[in-house]
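This report is for a reader new to the structure. Please look over the sequence and the model before reading on.

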Amino acid sequence: MDTSPGLGQTSPGFGQTNPATGQPNRRLAAVMFLDMVGYSAMMARDEERALVCVGELEKLLRAEVPKFGGRLVKFLGDGSMAEFPTALSAVRCSQSVLLDVESNNSWVPSEKRYSVRIGLHLGELVDRADDIFSNAVNVAARIQPLADPGGIAMSSFIYSQIENQLDLKGTYLPPQKLKNIPEKMRIFLVEPVGGDVAGRAIRRHKPLAVKTVIGVAAVLVGLILVYYFSTRS
């Protein structure tokens, strides 16, 4: 009998407390949030195909995440959350998943294909009731929507750990203010398979880029005016 956890359920054996103190376990780990792009639109257009894609993605993740030493914590509708012992294992798993999705799509018509986006962050986690909690989880969840379809968005905490180990094509976004996260975050976007991440990043974040340019220009004009009036006086 298959006793593996179903959609939306968690894997057993984690979330234990420290027997000596009765306190939740804390550890440093990489968090991966994955989401299917355009799932709601796909459901409205072709519900049967959307459900097939979700099942296909779930099967893929159950196979890939353990290969890289990770743990699938839970499924979240058309998405999932997983944890990894290192930043490197999280990134390598993310790359493998994206390649598998691309391979699966090659067998179906374009209108029936799906894509995913992935967010990664490194931080301290707290186990509780087979789930994980912490600010690191919240940050990873906020980073994930910044990724391009078929791409990865990772915090500078992740990128700094792997930049000398993997040759990633991508670009840093201007520092991002994430919802309910006090400090701005540096986010590195990894180029999607067959995509131009720099071009997409510029287009998607053009309003922020424009504001940044205007702010810098205003500061320069202010400095020029200060210098001008100070020399006249």
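The text below covers strand pairing, nonpolar cores, pockets and a cavity.

This is a predicted model, in which local features need pLDDT of at least 70, side-chain atom pairs count only at pLDDT 80 or more, and totals for chains, interfaces and linings use all residues. Residues are numbered from 1 along each chain as its sequence is written, and side-chain values use heavy atoms, with hydrogens and water left out.

**Strands**

Helices (H or I, at least four residues) and strands (E, at least two) are DSSP runs, numbered from the N terminus. Two strands pair if DSSP finds at least two bridges between them. Strand β1 (residues 26–36) is antiparallel to strand β4 (residues 116–128), with 11 bridges between them. Ala-29 has Gly-123 of β4 as its bridge partner. β1 also runs antiparallel to strand β3 (residues 79–84), to which 6 bridges join it. Here Leu-34 is partnered by Ser-80 of β3.

**Nonpolar cores**

A nonpolar core is a set of buried Ala, Val, Leu, Ile, Met, Phe, Trp, Tyr and Cys residues joined through side-chain atoms within 4.5 Å. Buried means under 20% relative accessible area (1.4 Å probe, protein chains only). The largest core has 39 residues, and Leu-61, Leu-120, Met-154, Ile-158, Ile-162 and Leu-168 have the most contacts inside it. Helix α3 (residues 87–105) supplies its largest share, 8 residues. A second, separate core has 11 residues, among them Leu-146, Leu-173, Ile-181 and Leu-189.

**Pockets and cavity**

On a 1 Å grid over the protein atoms alone, a cavity is a set of points where a 1.4 Å probe fits but cannot get out, and a pocket is an open set with protein on both sides within 12 Å along at least five of seven lines; lining residues have an atom within 4 Å of a point. Grid points are joined across faces, edges and corners, and a volume is the space filled by probe spheres set on the points.

| Space | Volume |
|---|---|
| Largest pocket | about 240 Å³ |
| Second largest pocket | about 200 Å³ |
| Largest cavity | about 30 Å³ |

The largest pocket is lined by 14 residues, and Glu-102, Ser-115, Pro-149, Gly-150 and Val-193 lie nearest its centre. α3 gives the most to this lining, with 4 residues. In the second largest pocket, α3 again provides the largest share of the lining, 3 residues; the lining includes Gln-95, Leu-98 and Leu-99.

The largest cavity is lined by Val-54, Leu-57, Glu-58, Phe-75, Gly-77, Asp-78 and Gly-79. Helix α2 (residues 47–67) contributes the largest share of that lining, 3 residues.

Notes
Buried means under 20% relative accessible area, exposed over 50%, partly exposed in between (1.4 Å probe, protein chains only).
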